[in-house]
Amino acid sequence: MTTVAVIGGGLIGTASAAWLLADGFEVTVFERDPEGRPASAGNAGVISLPEISPLARPGTLASVPGWMLDPLGPLTLRARDLPALTPWLGRFVLSARPSQVDHATRALGFLMKTALADHQELARRAGLAATMRRAGALYLYDTDAGFRSGLAEWKERARHGVDYQEITANDARQMVPALKGGFARALFAPESWTVSSPLQILLGLRRAVAARGKFQTAAVENIHTDTDKIAVVTADGVETLFDRILVAGGVWSRDLVRKLGLHVHLETERGYNTTFSDPGFEIEMPVFFTAHGFVATPLEEGLRVGGAVELAAVDAPPNFARAAAMCRKMRRYVPDLPEIGGKEWMGCRPSTPDSLPVLGAHPKDPRIVFAFGHGHLGLTLSAVTARHASGLVAGKPRERSLEPFGIERFQ
Ligand SMILES: Cc1cc2nc3c(=O)[nH]c(=O)nc-3n(C[C@H](O)[C@H](O)[C@H](O)COP(=O)(O)OP(=O)(O)OC[C@H]3O[C@@H](n4cnc5c(N)ncnc54)[C@H](O)[C@@H]3O)c2cc1C
């Protein structure tokens, strides 16, 4: 039986491992911190099928100066990390060219087309109970001008088959009565799905992997590829041999990529949220506060409020004032949101400058496959990534539609 090491026990690694096991591989997942709560455990829980637009767009670049004026706004950058972030930011600006935006939208649209069916198949393969529902999502706009520019983006998405409805503020309030504050307009996206709990899905996938393969607590420090087997070396110096490896370590994948002789532009967009286990009211579906870059989602854990982007080093101390700022802003729309009692969290989105994950084989060694860099969409794209990753590990020829995701684009 072909042996596979999966490095990283987040959603991407465990979903891929579950898929690989069902495809008949012998799989070991290496996770250095099983008690940790990475992006995969604390995200907003939205399977955002409509979100096929890359982050780098002319409209985003135009908004940056305004956002940067607010140190707790939708986008901030830790000044001392600017030199390290500059190459990524340079690529981000280049990715906002219209031809690149079109390229990335098509590529994401390709993954998104099967994302839901792949989730259903993953749940079946991993024996997970029903964890998703088609709740739809609301997108609120504070001003008519904001609505018009948002609408232009949704019209572009509609060209790729994304469904949306323009609705009034009153329609939105009927759908989510807790929205008592003021806003100008709203959009409803019917094809947005919500999971009951990202953490429970992650733990369920880990249990499924442990039941049929191995889930090992260890940090992978090195990978040797110079013989017919691949040697995975963990921090305690133990070396284990495998036929194939899948690198799925979120933002930390970049260290292993470097050790494998390649380069990648991968930084973290850190995000924050606050979860209220008993807020005293319910919202019926995720609500995106578009002017402020955050979302509120009803989850099994309670009401989760968060998002925003903080460009900073992975190990910089968290600034939870950002989580509190989002709750403050949300009270303008939902005055009943409690002042206290929320649990704050910070997570590191693994992000490429073009918003496309890296999903493909090492150009010189097809035994090594990469699956990381899913940015804002790692939950949404975990199952479709798992399916393709398993095919790549099996050595199937790469489909043309997967070419935009190759690591070659960074060499
Ligand atoms: C605030 C916020 C909200 C979000 N909301 C959504 C959402 O609603 N919908 C959506 O689709 N996405 C959302 N995301 C994005 C999503 O959470 C991420 O894209 C996704 O979790 C990334 O998964 P991952 O497995 O690649 O990385 P991670 O979750 O970071 O997991 C990587 C794992 O690999 C381990 N690891 C790394 N290197 C090694 C090594 N050398 N040895 C052993 N172990 C290693 C790490 O310990 C870690 O556990 C959100 C993210 C944030 C921060």
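## A loop residue, L379

Set aside the neighbours of L379 within four places in sequence, and L379 is in contact with L11, N43, G45, I47, V195 and P198. The model is predicted. L379 sits in the loop between β21 (365-372) and α11 (382-393). L379 counts as buried because it has 26 C-beta neighbours inside 10 Å, and the cut-off for buried is 20 or more.

V295 lies 84 residues from L379 along the chain. The C-alpha atoms of L379 and V295 are separated by 15 Å.

## The chain as a whole

The protein chain has eleven helices and 21 strands. Its C-alpha trace spans about 65 × 40 × 40 Å along the principal axes. A compact globule with 411 residues would have a radius of gyration near 22 Å; the protein chain has 21 Å, so the two agree.

How much of the chain is buried? Of the 411 residues, 49% count as buried. Contacts reach across the sequence as well. Take the contacts between residues at least 6 apart in sequence: 77% of them join residues at least 24 apart.

## Two domains

The domain assignment gives domain 1 (3-40 + 200-263 + 355-410) and domain 2 (50-113 + 129-194 + 266-351). The centres of domain 1 and domain 2, taken over C-alpha atoms, are separated by 27 Å.

Where the domains meet, 22 residues of domain 1 are in contact with 22 residues of domain 2. On the domain 1 side, the elements that give two or more residues are α8 (198-212) and α9 (253-259). By class, this side of domain 1 has eleven nonpolar, nine polar and two charged residues.

## Around the ligand

Where does the ligand lie relative to the domains? Domain 1 and domain 2 both give residues to the shell around the ligand, so the ligand lies between them.

The shell holds 42 residues. G10, G249, G250, G271 and G378 come nearest to the ligand. The elements that give two or more residues to the shell are α1 (11-22), β2 (26-31), α2 (39-42), β15 (267-276), β18 (302-311) and β19 (342-351). Strand β19 gives the largest share, four residues. By class, the shell divides into 17 nonpolar, 21 polar and four charged residues.

## The nonpolar cores

In soluble globular proteins, nonpolar side chains tend to be buried together. Here the largest nonpolar core has 114 residues. Within this core, A18, L140, L246 and V287 touch the most other members. Helix α5 (residues 98-126) gives the largest share of the core, ten residues. Domain 1 and domain 2 each supply at least three residues to this core.

Which residues does L246 touch, not counting residues up to four places away in sequence? They are V4, V6, I7, S16, V369, A371, A389 and V393. There is also a second, separate core of five residues. Its members include V251, W252, L266 and C348.

A308 lies in strand β18. Its phi is positive, about 60 degrees, although A308 is not a glycine. A308 has 24 other C-beta atoms within 10 Å, so it is buried.

S355 is found in the loop between β19 and β20 (358-362). Phi of S355 is near 65 degrees, a positive value in a residue other than glycine. S355 is buried because 26 other C-beta atoms lie within 10 Å.

## A partly exposed residue, D243

D243 lies in the loop between β13 (239-242) and β14 (244-247). Is D243 buried or partly exposed? With 16 C-beta neighbours inside 10 Å, D243 counts as partly exposed, because a buried residue needs 20 or more and an exposed one has 12 or fewer.

Leave out residues up to four places away in sequence, and D243 touches T2, T3, V4, K229 and R367. Take K229 from that list. D243 and K229 are 14 residues apart in sequence. In space they are 5.3 Å apart, C-alpha to C-alpha.

Key:
Residues numbered from 1 in each chain as written. Predicted model: local features only at pLDDT ≥ 70, side-chain atom pairs only at ≥ 80, totals over all residues. Near = placed C-beta within 6 Å. Nonpolar A, V, L, I, M, F, W, Y, C, P; charged D, E, K, R; others polar. Domains from an automatic or database assignment. Rg over C-alpha atoms; globule rule 2.2 N^0.38 Å. Contact = placed C-beta atoms within 7 Å. Core = buried A, V, L, I, M, F, W, Y, C linked by C-beta atoms within 7 Å.
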